[in-house]
Amino acid sequence: MKRKLFTLSLACVFALAWTIGAFAADPVVIGVPTSLGFLEGKESHKIVQMAVSEINAKGGVTVGGVKHPLEVAAIDIRDAAPGVPVPEALLGIEKLILEKKPVAIVVGPFRSEALIAGMDLLAKYKMPMLGTIAMSPGSEKKLKEDPEKYKYVFRTCLNAVYLVKYLAGMMAQINSQFGFNKVYVMHQDVAWARGTADIVKKMHFDKAGWEVIEQEAYPTGTSDFSSALMKARAKGAHVIMPIFDMPQSGILVKQWNSMKVPALMAGFISPLAGSGAWKTFDGKIGGAINAIFEVGSSLPSSKIPKSVEFYNKYNSLYGKEIQAGHGPAPAYESVYILAEAIERANSLDPDAIVAELVKTDRMGVMGRIKYDDAHQAIFGNDPKETAMGAIFQWGNDGKRRIVFPESIAEAKIQLPAGLKSMK
């Protein structure tokens, strides 16, 4: 018995010694500057930590024959909070860069205003960034204007242009199924939401025979939408398209339900994305249609097995399901994409890392991930070829079912009680 205990103890000592030896080199720091007090930022930070733990458990990253553990350094830049000026958010990013000396940044700014302004800061410090929340295509435009200066900026999440394509596909399906053609657009007054609303109007509604009854913008923090809902009812809207990421936007759903507005609610409301919304809204959201910006972020697809594995892994680790419909899945992928680029480059030099990031071709939890020439991850409708977003509908049984794109759809769109098809 004593001999067995000694053997076991000796094995533990050797295992500990191997682990210490394996990580004798300095850690490779990954920075996470974002709005940590908001759902998307909070869950993305947790998922970065989860991915880092997985990679470290397999030996970390190898550079020049030396194993380095990954380490996460986060800072709350509060750019999503009402009233926080962009320069204050940028000071937070610079503080992280100077004090923690990360090799790269993931997740990044929440607001596109902060991302676009921050691109000069990233260029100054030659800091690679794989963004996973900010969505305005303005950052791609800026990169194309000076690709050498801004080459350090990548986006792994979808942008407003891809969101428009998913929303347009959903609206085409609604028109085809039910003959609806009058829409009332309500959006948050921030860059990504304004851009999404404007682009969907120009690219789809104006060309597809939809009548935009009205398009209204709301400041971040707005908590009463009843006047707009009354106008939507009075003007005979068939569909209300919301585009919001602020926590208060959940009130819109409550008011829509209590006022019994006879219009289909179909768009994106951040608090409506996760499984917990059913309890939050007392089960009164049946029939509402909502976007998931990236498959795996708050909703996996059985047709993308890695998304289910990722979703369950988070649930097992943290004891609850992912609730954010935007950010978590690309945050997870960004850590792996970065780690793989570092190992291919066999270097921590930022230019060498960027040169490998552009070659990314990874089958992950969102489907296939590749970047275009503006360093935007390519999204589409085939998970074997592109990354995937999705549109789902809340059923009256409290379950969420993907209804678009067709390649991963689980059900057809159903009209809520009291709403009749025009066909």
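**Strands, sheet and helices**

Strand 17 (residues 390-394) and strand 18 pair in the antiparallel sense over 4 bridges. The model is predicted: local features need pLDDT of at least 70, side-chain atom pairs count only at pLDDT 80 or more, and totals for chains, interfaces and linings use all residues. Residues are numbered from 1 along each chain as its sequence is written, and side-chain values use heavy atoms, with hydrogens and water left out.

Me: In strand 18, which residue is the bridge partner of Gln393?
Reply: Strands 17 and 18 are antiparallel; two strands pair if DSSP finds at least two bridges between them. Helices (H or I, at least four residues) and strands (E, at least two) are DSSP runs, numbered from the N terminus. The partner of Gln393 in strand 18 is Arg401.

Me: What is the order of the strands in the open sheet of 7 strands?
Reply: The pairing in this open sheet is mixed. Its edge strands, each pairing on one side only, are strand 9 (211-218) and strand 18 (400-404). The order is 9-8-10-11-12-17-18.

Me: What angle does the direction of helix 9 make with that of strand 11?
Reply: Helix 9 (residues 250-258) packs on the sheet and touches strands 8, 10 and 11, contact meaning heavy atoms within 4.5 Å. Axes are lines fitted to C-alpha atoms, for helices over the stretch in contact, and angles run from 0 to 180 degrees between N-to-C directions. The angle with strand 11 is about 170 degrees.

Me: Is His45 buried or exposed?
Reply: His45 lies in helix 2 (residues 39-57). Leaving aside neighbours within four places in sequence, His45 is in contact with Val32, Leu36, Val72 and Ala74. Buried means under 20% relative accessible area, exposed over 50%, partly exposed in between (1.4 Å probe, protein chains only). With a relative accessible area of 18%, His45 is therefore buried.

Me: How far apart are the end C-alpha atoms of helix 4?
Reply: The expected span of a helix is 1.5 Å times one less than its number of residues. Helix 4 has 13 residues and so should span 18 Å. The distance between its end C-alpha atoms agrees with this, at 19 Å.

Me: At which residue does helix 4 bend?
Reply: The bend at a residue is the angle between axes fitted to the seven residues ending there and the seven starting there. In helix 4 this angle is about 40 degrees. The bend is at Gly118.
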